[in-house]
Amino acid sequence: MHTAWFITLLLPYVADLCSADLSPQANCTSCLPNPIATTYPNNVTGTINATTSVILVPLSYAQSLLPSRFANSILTNAYTRFNISPTLYPLVVESVIDHDIRFNNFPVLSDFSSFRTTFPFIDLLGDGYSTFRYTGFIYLPPSNPIAINGSQGYGYTVLSGFFDPPDAPYKFTRNGRARRFSVFEQSSNSTPSTSHHGPPASRLAGSTLFRTKTSSQPPIPLSFYRNITNQIMFGNNSQVCDRMISFWNTSITTGAYEPQAVVGDVLLSPPL
């Protein structure tokens, strides 16, 4: 269990898509519609309703988690400007639901949840400047083969995940004071879950539990989150990259829908 600083986000994005769903389903009733589908009709666009968690861990520990070829490629000078010590590293955990995914303003993919850890500020090009974000493992629902195939194409190792809640970015705890999101892994080797939230023969793979931050100024500035959510992502095949562009200046990122700073706890199980 790690204490983390979070931010809840509702962002539209532009991305790539290899294939389409014949009957896409919009299951997230709490998610807002895609506001940029008509602005970028020739691109795949959608929204993400996400909780992005930042866990400050010792730099040496983060290096031990990365593949050896990237362990010494962390650009510490790229994140110290966000008031983070160079002896620490901002490990990022994301619980996300993708919603209203469109191309030519037509729905092309059903809503789906995901859960992953990512490693930002990686010097993939070796130029000492350009920052990329590495993702080794990602949990996705087995019911969405298009999302699975697309993630595997970018070099991510996809693990079968069962999400609670299944079609929302989080739900309130029983006392209404906090919000949570969990993913369970099911396999033949899983230790059965003792929680009623998970399916039979599953284990808790990861969870976030968070509450609204009382002070107005988060310890990690909003500019940090804008930076990392627009770093090009890559997986175990470093020759292929996932360039998803997140927009922070639309109708669903301002006013009542602006990002909210929250604090809480993150639980991760191997291999995350």
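User: Which residue just after helix 2 takes a positive phi, and of about how many degrees?

Analyst: The model is a predicted one. Helix 2 covers residues 145–153. Just after helix 2, the residue with a positive phi is Gly-155, at about 90 degrees.

User: Which strands do the buried residues of helix 2 pack against?

Analyst: The buried residues in helix 2 are Ile-146, Ala-147, Ile-148 and Ser-151. An α-helix has 3.6 residues a turn, so residues three or four places apart point the same way. The buried residues of helix 2 pack against strand 4 (106–109), strand 5, strand 7 and strand 8.

User: What is the handedness of the β-α-β unit that strand 7, helix 2 and strand 8 make?

Analyst: Strand 7 and strand 8 (residues 157–164) run parallel and are joined by 4 bridges. Within this pair, Ile-138 stands opposite Val-158. With helix 2 between them in the unit, strand 7 and strand 8 make a β-α-β unit that is right-handed.

User: Which residue in strand 7 does Phe-115 stand opposite?

Analyst: Strand 5 (residues 112–122) and strand 7 (residues 137–140) run antiparallel, with 2 bridges joining them. The residue of strand 7 opposite Phe-115 is Tyr-139.

User: Is Ser-207 buried or exposed, and what is its relative accessible area?

Analyst: Ser-207 lies in strand 11 (residues 202–212). Leaving aside residues up to four places away in sequence, Ser-207 touches Phe-115, Phe-181, Ser-182, Asp-265, Val-266 and Leu-267. Buried means under 20% relative accessible area, so Ser-207 counts as buried, at 14%.

Note on methods
Residues numbered from 1 in each chain as written. Predicted model: local features only at pLDDT ≥ 70, side-chain atom pairs only at ≥ 80, totals over all residues. Heavy atoms only, no water. Pairing = 2+ DSSP bridges. Right-handed = clockwise from strand over helix to strand, strands pointing away. Buried < 20%, exposed > 50% of the residue type's maximum accessible area, 1.4 Å probe, protein only. Contact = heavy atoms within 4.5 Å.
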